[in-house]
Amino acid sequence: MDIKKAFGKNLRAIIKSKGYKTVEIFAHENEFEKSWVYRMARGEREPGLTALVRLARALGVTLEDLYPMKKRRR
């Protein structure tokens, strides 16, 4: 799966798990531009580090929770 799509799927799941019915409601309540969050949630855009930190704080999760990386086998 494309990394942007995987991030978007994870972002949508976290937003839903935090009780928001839609991405747009999350964006509005946390003062994010709706289209910015929506594009990330659809896997059309990959956020930079600053954006990840803002999203993690708004959602009350860690960066690892927001952007999980698969562990490599040795």
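## Aromatic cluster

Tyr-20, Phe-26, Phe-32 and Trp-36 are joined into a cluster by ring pairs. This is a predicted model. The count of aromatic pairs comes to three. One of them joins Tyr-20 and Phe-26 in an edge-to-face arrangement. Their ring centres lie 5.2 Å apart, with 75° between the planes. Tyr-20 and Phe-26 are both buried.

## Overall fold

The protein chain holds five helices and zero strands. Read from the N terminus, the order of elements is α-α-α-α-α. Helix H1 covers residues 3-17, and helix H2 covers residues 23-29. Helix H3 runs over 34-41 and helix H4 over 49-59. Helix H5 takes in 63-66.

How does the radius of gyration of the protein chain agree with that of a compact globule? A compact globule of 74 residues would have a value near 11 Å, and the protein chain has 12 Å, so the two agree. The C-alpha trace spans about 45 × 25 × 20 Å along its principal axes. Among contacts with a separation of 6 or more, 52% are between residues 24 or more positions apart.

## Surface and charge

Of the 74 residues, 32% count as buried. The protein chain exposes about 5,600 Å². Carbon and sulfur atoms supply 49% of that area.

Charged side chains number 18 positive and 9 negative. The centres of these two sets lie 7 Å apart.

## Val-23 in helix H2

Val-23 sits in helix H2. Is Val-23 buried or exposed? Its relative accessibility is 12%, so Val-23 counts as buried. The cut-off for buried is under 20%.

Which residues does Val-23 touch, beyond those up to four places away in sequence? They are Arg-12, Ile-15, Val-37, Tyr-38 and Ala-41. Arg-12 and Ile-15 fall within the residue range of helix H1. Val-37, Tyr-38 and Ala-41 fall within that of helix H3. Val-23 and Gly-8 are 15 residues apart along the chain, and their C-alpha atoms are separated by 11 Å.

## Ile-3 and Tyr-67

Ile-3 belongs to helix H1. With a relative accessible area of 43%, Ile-3 is partly exposed. Leaving out residues up to four places away in sequence, Ile-3 touches Glu-46 and Tyr-67. Ile-3 and Gly-43 are 40 residues apart in sequence. In space their C-alpha atoms are 8.1 Å apart.

Tyr-67 lies in the segment after helix H5. Tyr-67 counts as buried because its relative accessibility is 15%. Beyond neighbours within four places in sequence, Tyr-67 is in contact with Ile-3, Phe-7, Asn-10, Glu-46 and Leu-52. Ile-3, Phe-7 and Asn-10 fall within the residue range of helix H1. Leu-52 falls within that of helix H4. Glu-46 touches both Ile-3 and Tyr-67. Tyr-67 and Gly-8 are 59 residues apart along the chain, yet their C-alpha atoms are separated by 9.6 Å.

## Two loop residues

Where does Glu-31 lie? Glu-31 is in the loop between H2 and H3. Its phi is near 60°, a positive value in a residue other than glycine. Glu-31 has a relative accessible area of 71%, so this residue is exposed.

Gly-48 lies in the loop between helix H3 and helix H4. At 42% relative accessibility, Gly-48 counts as partly exposed. Gly-48 and Ala-27 are 21 residues apart in sequence. Their C-alpha atoms are 17 Å apart in space.

Key:
Residues are numbered from 1 along each chain as its sequence is written. This is a predicted model: local features need pLDDT of at least 70, side-chain atom pairs count only at pLDDT 80 or more; totals for chains, interfaces and linings use all residues. Side-chain values use heavy atoms; hydrogens and water are left out. Helices (H or I, at least four residues) and strands (E, at least two) are DSSP runs, numbered from the N terminus. The radius of gyration is taken over C-alpha atoms; the globule rule is 2.2 Å times the number of residues to the power 0.38. Buried means under 20% relative accessible area, exposed over 50%, partly exposed in between (1.4 Å probe, protein chains only). Contact means heavy atoms within 4.5 Å. Accessible areas come from the Shrake-Rupley method with a 1.4 Å probe; for residues, only the protein chains shown count as cover. Lys and Arg count as positive and Asp and Glu as negative; His and the chain ends are not counted. The place of a charge is taken as NZ of Lys, CZ of Arg, CG of Asp or CD of Glu. Rings of Phe, Tyr and Trp (its six-membered ring) pair if their centres lie within 6.5 Å; planes under 30 degrees apart count as stacked, over 60 as edge-to-face and the rest as tilted.
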